[in-house]
Amino acid sequence: MSPSPSPSAVHFRTCNLCEAMCGLRIETAGDRVTSIRGDDEDPFSQGHICPKAVALQDLHEDPDRLRHPVRRTASGWQPLSWKEALDETAKRLHAVQKQHGRDAVGVYVGNPTVHNHGAMLLLPFFMKALRTRNKFSATSVDQLPHHVASYLMFGHQLLIPIPDIDRTRFMLILGANPLASNGSLMTAPGVRGRLKAIQQRGGKVVVVDPRRTETARIADEHLFIRPGTDALWLFSLLHVLLQAGPKLGRLADFTDGLVHVKELARDFTPERAAVHTGIPADTTRRLALELAASSSAVCYGRVGVSTQPFGALCQWLINVINVVTGNMDREGGAMFTLPAFDLIKGPRAMTAGRGSMGRWKSRVRGLAEFGGELPVSALGEEMLTPGEGQIRAMVTSAGNPVVSTPNGRQLDQAFGSLDFMVSIDPYINETTRHAHIILPPVTQLERGHFDLVFNAFAVRNTVKYSRPLFTPPPGSLHDWEIFLELKHRLDTLRGEPLTRGELPYRALKALGPEGILDLGLRAGPYGMRLRPWRRGLSLARLEAQPHGVDLGPLQPCLPERLVTRGRRLQLAPEPLVADVDRLRQAFPAAAPASVSEDALLLIGRRHVRDNNSWMHNVPRLVSGKPRCTLMVHPDDARRLGLEEGQEALVTSRVGEVKAPVNVTDEVMPGVVSLPHGYGHGRQGIQMQVAGAHAGVSINDVTDDQVLDAIGGNAAFSGIQVRVQPVQSMSTTVQPRQSAIE
Ligand SMILES: Nc1nc2c(c(=O)[nH]1)N[C@H]1C(S)=C(S)[C@@H](COP(=O)(O)OP(=O)(O)OC[C@H]3O[C@@H](n4cnc5c(=O)[nH]c(N)nc54)[C@H](O)[C@@H]3O)O[C@H]1N2
Ligand SMILES: Nc1nc2c(c(=O)[nH]1)N[C@H]1C(S)=C(S)[C@@H](COP(=O)(O)OP(=O)(O)OC[C@H]3O[C@@H](n4cnc5c(=O)[nH]c(N)nc54)[C@H](O)[C@@H]3O)O[C@H]1N2
Ligand code: SF4
Ligand SMILES: [Mo]
């Protein structure tokens, strides 16, 4: 690593580890970081940070982080040059496609990609060069239902309404724990303060969650809900709201489908929902009326309501509730961010696709694509099931599907059976240990940073560009350069004509992500092109403002920003309407849902000092009490004969894990909770600290066959499991026999 320009220096930067976009003030001495603190002058985050920020230094210095490409051999991992690594990767991918067809190469792209503008901007070119329909990403274990709802209602998958948290007077939160996650599809640094401020201005915060989370604890009201039943509850809330009378306001002029929604909601009474959700009908009625009466209100739902069998219905109903209470696209309601680099409107090469549904299907199970991707729940079977079109080679980039996606053990087996696998990743972890070649990119601090994605989902319009802190060591490559080099080699091997191969390669290499960024900023809604006067943005102008620029509060923008035909808001899109029957069947009017006798419902959990699966190699983030514990309600613990600290065996259809029990009434009776992102005890992982805090992977028990029918998102919430004490396993004691009900 070469030294930074001056021996000691102060840098301002945005943290790219989660969605909150906190401004950092980083001091360096030569090539070392000496301190990381919050940047008080960042207009958006105003000095807020969380304990993960300092890990940027640890990740940079981590001795386990790969500094050069490696190849897996019989005698262990061997270094190889970038040229060898890239040449061989392209050659092997090409050979597999030549022999077995285009779709024989699959690709999985993980979460850190969206925190990396270089990767985001150049990935599409690499994807195109791969020419496969077997594309997968972390989207289908996360926010896919938001995209489905936005695509069908507003005409663009990225036109996602964001809670106007700073001006609302009533916030109804389902399946999100921003105090641990720091907010998601709601970039809001210092979210605790923003929630507290709602209360301070006389407003109210309500949390609906099967666990009394950190967020629930600071809320005015918390309701337990039986996992997976939110769509039913949202319908019953809507039922009351519509009975009381919808008030669409300004939106009435361009909204279609209200009549249809009214018909659908008619039989979803709060009484009917109560049987399944566990939320008393009176509570639902009262909350609906409070929501309707509040001068502004917003309903917001995230991972807990997206990762369930009715995730798309949930995100749709949340939008519908915001519309019929007059809170969509209104101050204090759910609004649309207008980012400086606009992914929705602008030059085609700089915008994201609107979305698409069902243009093709997965080979084995016939699951439909969305936005050009297949549900990752199908990845394992696509590798393991023989036949034409079977995936025989994989590319993974910035992802760890073995621990992040359902039925991880099956993926372990599948990745282990491939003809070839390449991983673009700095670590040898649960997934990449199966690769034949690993290509490690430069670190966070060695690249510039611009939040292409999270500026578009922020609770304020804001923009910032951060320069790299350190110059990468000579010869190392950025993620985007790896994509571009592989694309170039694949094009060459295929003999692509100059205009499709060599010329775009040279142009993109010369432009680089910063060049594209500059063009996008200039062409964007605050750009030089539209505002040639002083304030118009370009990359250079942004670089001159290291703390970032505040572009003001969110503004109403409908119908202009709609991308639907005739700029109409679709309240009752056909595919979602058609799915309501499935909901009715799953939750019949009288009988409770069919859960087998002794089953418990498993949900996930996030902790402030975790970040999905990949930051457990940072000693200061894993210190303290082990966090990978199974939360069990005292009633269930008693019935099952489980005690605090004791090991429990958790079994599902697909597998089992053992975890220490934490007896707590934080979870509702009948529900158990285990965090995701652990399970570092597998053989061959080269992450020493993580290995010493291994935990187990919840996704060894989540089920690749349980997913949302619309879009195909994985349904992690409410997986049916059996739980029993480990030592009684060899005896004949069955969980139910110790019941004391
Ligand atoms: N510290 C930390 N921060 C992170 C991450 C991390 O791993 N660690 N990950 C980042 C990423 S990638 C994302 S997408 C965001 C996610 O951000 P959030 O969505 O805020 O994440 P979670 O904390 O998982 O919150 C989900 C909540 O849903 C609840 N839940 C589970 N099942 C149900 C259900 O059926 N119904 C209801 N109503 N609730 C349910 C859970 O108990 C949990 O409290 O966080 C980001 N930030
Ligand atoms: N049961 C359950 N499972 C879940 C969730 C849940 O709530 N419950 N949450 C889901 C969610 S919301 C998400 S987003 C997914 C995440 O799923 P993934 O994205 O597949 O997994 P991560 O743990 O984020 O792994 C990130 C990988 O990227 C690497 N990496 C880090 N930075 C970089 C970089 O700059 N460049 C490159 N090339 N690689 C980098 C890391 O070493 C690691 O291997 O997990 C999902 N899985
Ligand atoms: S909240 Fe997120 S963005 Fe802010 S410091 Fe923590 S990890 Fe970084
Ligand atoms: Mo995520």
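The model is predicted, and local features need pLDDT of at least 70, side-chain atom pairs count only at pLDDT 80 or more, and totals for chains, interfaces and linings use all residues. Residues are numbered from 1 along each chain as its sequence is written, chains are lettered from A and ligands numbered from 1 in the order in which they are written, and side-chain values use heavy atoms, with hydrogens and water left out.

I begin with the domains. The assignment, whose bounds come from an automatic or database source, gives domain 1 (8-61), domain 2 (70-141 + 344-468 + 476-553), domain 3 (164-330 + 560-584) and domain 4 (594-728). The centres of domain 2 and domain 3, taken over C-alpha atoms, are separated by 33 Å. Their contact, meaning heavy atoms within 4.5 Å, takes 9 residues from domain 2 and 15 residues from domain 3. About 990 Å² is buried between domain 2 and domain 3, and carbon and sulfur atoms give 61% of that; buried area is the accessible area (1.4 Å probe) that two parts lose on being put together, summed over both. On the domain 2 side, K345, F457 and V459 supply 53% of the area buried against domain 3, more than any other three residues.

I turn now to ligand 1. Which domains each give at least three residues to the shell around ligand 1? They are domain 3 and domain 4. There are 32 residues around ligand 1 (a heavy atom within 4 Å), and S181, D209, D230, D610 and N612 come nearest. Among the polar contacts (pairs of N or O atoms within 3.5 Å), a polar side-chain atom of D209 lies 2.6 Å from an oxygen atom of ligand 1. A polar backbone atom of D610 is 2.7 Å from a nitrogen atom of ligand 1. Taken alone, ligand 1 exposes 920 Å², and the protein buries 97% of that, by the Shrake-Rupley method with a 1.4 Å probe.

Finally, ligand 2. Its shell draws at least three residues from each of domain 2 and domain 4. Of the 31 residues around ligand 2, the nearest are Y108, N111, S404, D425 and S613. An oxygen atom of ligand 2 lies 2.5 Å from a polar side-chain atom of S613, and a nitrogen atom of ligand 2 is 2.6 Å from a polar backbone atom of S404. The protein covers 97% of the 920 Å² of accessible area that ligand 2 has on its own.

Terms used: Polar contact = N/O pair within 3.5 Å; in protein donor to acceptor, adjacent residues only side chain to side chain.
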